[in-house]
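Have the structure open as you read.

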Amino acid sequence: MKNGFLWFCRIGVGLLFIFSGLIKANDPLGFSYKLEEYFEVFHITFLNGFALSIAIILCALEMILGFALLIGTHARKVAWGLLLLIIFFAFLTFYSAFFKVVQTCGCFGDAIPLTPWQSFSKDLLLLLLIIVLFKNRESINPLFSTKTGERLLIISVILSLGVGIYTYNFLPVIDFLPYKIGANIPDEMKTPPGAIPDEFELTYKLKNTKSGETKTMTDKEYLKTGIWKDNNWAVMGNPDSRLVKKGFTPKIIGLSIQNAQRTDYTNELLSNPFYSLVIVAYDLKKTDGFAINHLNALAVNLTQSFNTRTIILTSSSATDAAAFSKQYHLISEIFYADEVPLKSMVRANPGVMLLKNGTIINKWHYHTVPDYDHLVKQYFQQK
């Protein structure tokens with residue numbers, strides 16, 4: 001019975017670690033953005049430049065430890081590794097939940113969004129299972145000979161690191177983001193009729209200007225008691241907001257596309273009935289220059305041959321964008337949007353989307369953008 005429970009823990013923890021690592025390795029750049037949020041919370045932003053490398057290594061480590069546990073190789077070291085890693089993850093998720101700092105932990109990437117408390121509960125359960133494994137680490141027997149186990153472990157290391165490196169350079173294999181191929185951006189921004197929005201509760205801090213007495217009450221109590229009619233009671237600061245009931249949230253929120261003069265072009269650009277080539281470069285200071293030269297040449301050819309509208313979307317300042325445009329002799333129009341939706345559009349800097357009527361026909365990493373002839377044959381010559 002004890003051996004059966006040990007195997008249950010071994011299989012459950014092993015598979016979950018492999019799944020968790022693989023899901024995040026599918027989108028290591030997205031995971032690196034999440035790490036940067038944690039770096040900011042703990043005031044260690046000097047690590048931002050290493051966020052991507054750390055993300056790829058952490059994803060690989062999860063998969064390697066999970067696989068090593070399943071085949072039973074290096075049981076003692078694996079048990080220690082699992083214990084230390086889950087304690088680290090549990091600390092992060094508890095800190096996020098208790099202090100309400102990073103509101104989505106990224107444990108399973110964008111595939112399975114979890115709240116910090118859900119993530120912490122999951123980590124506690126895993127911690128219990130790993131403690132069982134740790135206490136019985138001497139009883140974890142290998143499935144293969146030492147030599148075969150070592151070879152399999154080396155293969156798992158290569159594959160685990162390779163997945164993250166591949167998806168970083170060629171986009172996620174499975175796109176869990178709202179800007180996936182086939183999605184219509186305007187539709188994803190809409191709230192259907194009759195949909196119930198999020199319900200919030202406001203908490204007011206009040207002070208009596210005459211007596212100095214203070215009170216705290218919710219918005220419902222504030223209206224019900226009629227205290228707002230008494231001029232002696234004043235609201236102190238801004239009310240605290242708490243989500244009471246989760247309602248409908250559009251998949252795409254916060255997308256506003258403007259020019260340098262702050263004129264909104266969102267509707268115009270997303271309702272274009274013809275093909276538009278959208279180059280997404282959320283931070284021009286980090287944008288690959290060689291890729292921009294290639295994309296600019298592509299934009300010139302498409303504009304001359306098909307009068308295609310080509311635009312660059314960035315969150316950089318207008319001053320930086322103007323200097324960037326001059327440096328690379330860009331012909332594309334430059335528009336501006338918040339970096340959060342831009343980072344979700346394409347996991348590359350720059351990335352490219354082909355739009356038509358607001359629908360994402362296709363999108364590419366700058367490493368995989370088709371050449372002019374392929375684009376023309378595949379899309380622009382199609383009737």
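**Around helix α11**

The buried residues of α11 pack against α10 (289–306) and β7 (333–336). Helices here are DSSP runs of H or I with at least four residues, strands are E runs of at least two, and both are numbered from the N terminus. This is a predicted model, where local features need pLDDT of at least 70, side-chain atom pairs count only at pLDDT 80 or more, and totals for chains, interfaces and linings use all residues. Residues are numbered from 1 along each chain as its sequence is written, and side-chain values use heavy atoms, with hydrogens and water left out.

So who is buried in α11 (residues 318–328)? Ala321, Phe324, Ser325 and Tyr328, where buried means under 20% relative accessible area, exposed over 50%, and partly exposed in between (1.4 Å probe, protein chains only). They sit on the same side of α11 because they cover an arc of only 100° around the axis, taken from the directions from the helix axis to the C-beta atoms. An α-helix has 3.6 residues a turn, so residues three or four places apart point the same way. After α11 comes His329, with a positive phi near 55°.

Now hop over to Thr203, in strand β1 (residues 199–208). Thr203 is partly exposed, at 21% relative accessible area. Setting aside neighbours within four places in sequence, Thr203 is in contact (heavy atoms within 4.5 Å) with Thr216, Met217, Thr218, Pro239 and Asp240.
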